[in-house]
Amino acid sequence: MTTKSIRILIAKPGLDGHDRGAKVVAIALRDAGFEVIYTGLHQTVDQIFDTALEEDVDVIGLSILSGAHLPIAEKLMAKLNQTGMNDKIVLIGGNIPERDIPSLKALGVAGIFPTGSSFDEIALFIQGKTLKVS
């Protein structure tokens, strides 16, 4: 798969200490041709926002296993909207119950990838979304 230089931030917000999945997704996206910035564990929404701004990313991917996906997404999306950065494509992956997907989409989250989603599915989704924005 060939891609233009699409910059993706992968972040682990909150107190969730399990980052193996986030690292595997980051590596898979890098191998698919994307430029990936991984922030590490225990990031606040403000830290994620600041890194997205500093790194001028196209995509913000959050890996959340803690169950706090709704309040984290709400806070991030509000900050992006308030600062005019709502052109960023926001993705959330991890332990996301099916019942929460409509709420996340209503907040403006572009893609939700529950545990077990394929790397190809994620990469193709990003490629498709960024082509529409370009």
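How many of the residues of strand 4 are buried? Select residues 89-94 and you have your answer: six of its six residues are buried, so strand 4 is mostly covered, where buried means under 20% relative accessible area, exposed over 50%, and partly exposed in between (1.4 Å probe, protein chains only). Helices and strands here are DSSP runs (H or I, at least four residues, for a helix; E, at least two, for a strand), numbered from the N terminus.

Before we go on, a word on what you're looking at. This is a predicted model, in which local features need pLDDT of at least 70 and side-chain atom pairs count only at pLDDT 80 or more, while totals for chains, interfaces and linings use all residues. Residues are numbered from 1 along each chain as its sequence is written, and side-chain values use heavy atoms, with hydrogens and water left out.

**Stop 1: both faces of strand 4**

Show the side chains. In a regular strand they alternate between the two faces of the sheet. Here, Ile89, Leu91 and Gly93 point one way, Val90, Ile92 and Gly94 point the other way, and all are buried.

**Stop 2: the strands beside it**

Strand 3 and strand 4 run parallel and are joined by six bridges (strands pair if DSSP finds at least two bridges between them). Look for Ser63, which stands opposite Gly93. To get from strand 3 to strand 4, the chain passes through helix 3 (residues 69-82), and this β-α-β crossover is right-handed: with the strands pointing away from the viewer, the path from the first strand over the helix to the second runs clockwise.

The chain goes by way of helix 4 (residues 101-107), in another β-α-β crossover that is right-handed.

**Stop 3: strands 1 and 2**

Helix 1 carries the chain across from strand 1 to strand 2, in a right-handed β-α-β crossover.

**Stop 4: two rings**

Which rings form an aromatic pair? Select Phe113 and Phe125: they sit edge-to-face, 5.4 Å centre to centre with 80° between the planes. (Rings of Phe, Tyr and Trp, its six-membered ring, pair if their centres lie within 6.5 Å; planes under 30 degrees apart count as stacked, over 60 as edge-to-face and the rest as tilted.) A search of the whole structure finds one such pair. Phe113 lies in strand 5 and Phe125 in helix 5, so the pair ties together parts that are twelve residues apart in sequence. Phe113 is buried at 7% relative accessible area, whereas Phe125 is partly exposed at 23%.

**Stop 5: along helix 5**

Stay in helix 5 and click Gln127. Gln127 is buried, with a relative accessible area of 17%.
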